[in-house]
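Have the viewer open as you read.

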Amino acid sequence: MKILITSGGTTEKIDQVRGITNHSTGRLGKQIAERFLAAQHQVTLVTAPSAVKPSVQEGLSVLEISTVADLIETLEPLVKTHDVLIHSMAVSDYTPVYMTDFEEVEHADNLAQFLTKQNTQTKISSQADYQVLFLKKTPKVISLVKQWNPAIKLIGFKLLVNADKKELFQVARNSLNTNQMDYVLANDLAHISAEQHLAYLLDKTKAYKAQTKAEIADLIFEKVTDHD
């Protein structure tokens, strides 16, 4: 099978030297990719420059992206030519519009004017003690996948923080149904460490538990390849 995996996290530019990113390392995506490569599947890994990656090997293609716009442009043609998408990348929910010092905002008559402004400097001045950053919501990438290829098998991820199991399952299954996923990996940051990664792979009715990144990779492999 042709397996498409996303990993790591996107970075949205504030200017040419600053950006908003997240703490995703890409380790889970790397583990999943290696599990499919070991079984001789073709793997395309779309990932961030800073994310960890499998070693160069036959059957593996690696593409690096930075922003959500880059991700959409890269993913669309790939989704149309792959059998499975495992979307483990942490995608930025917001992207910068305009950054300015607090005084300009404080004395503005209409705050909406800042939503149509753009910074033109290569590096925004750091003279002001306080800066205000205006953000806008990015497109929900996973919601586009089934539009691009209704036949692709789609595994998404849902991360919450300090949620109880009932809430985690409810939020994850809502995302599964909304985005037409086949499975969703539900996990909570409070239960992720170097040694442990407690997670549940959910479909519409069942839940399959894993406690490490290796177990998650094995579980996803089993369901994707129908090795129950």
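## A helix pair and two residues

H1 makes a right-handed crossing with H6 (right-handed if the near helix is turned clockwise from the far one by less than a right angle, left-handed if anticlockwise). This is a predicted model, where local features need pLDDT of at least 70, side-chain atom pairs count only at pLDDT 80 or more, and totals for chains, interfaces and linings use all residues. Residues are numbered from 1 along each chain as its sequence is written, and side-chain values use heavy atoms, leaving out hydrogens and water.

Helix H1 covers residues 27–38 and helix H6 residues 213–224; they pack at about 50°, axes 9 Å apart. H1 and H6 are therefore oblique to each other (under 35 degrees is roughly parallel, over 145 roughly antiparallel, 65 to 115 roughly perpendicular, the rest oblique).

Now for the two residues, both tabulated with their relative accessible area; buried means under 20%, exposed over 50%, partly exposed in between (1.4 Å probe, protein chains only).

| Residue | Relative accessible area | Class |
|---|---|---|
| Ser 7 | 0% | buried |
| Val 145 | 1% | buried |

Ser 7 sits in the loop between strands S1 (2–6) and S2 (12–13). Its neighbours in contact include Gly 26, Gly 29 and Ser 88, leaving aside residues up to four places away in sequence.

Val 145 belongs to helix H4 (residues 145–148). With the sequence cutoff of up to four places again left out, Val 145 touches Val 79, Leu 85, Ile 152 and Leu 154.

How values were computed: Axes are lines fitted to C-alpha atoms, for helices over the stretch in contact, and angles run from 0 to 180 degrees between N-to-C directions. Helices (H or I, at least four residues) and strands (E, at least two) are DSSP runs, numbered from the N terminus. Contact means heavy atoms within 4.5 Å.
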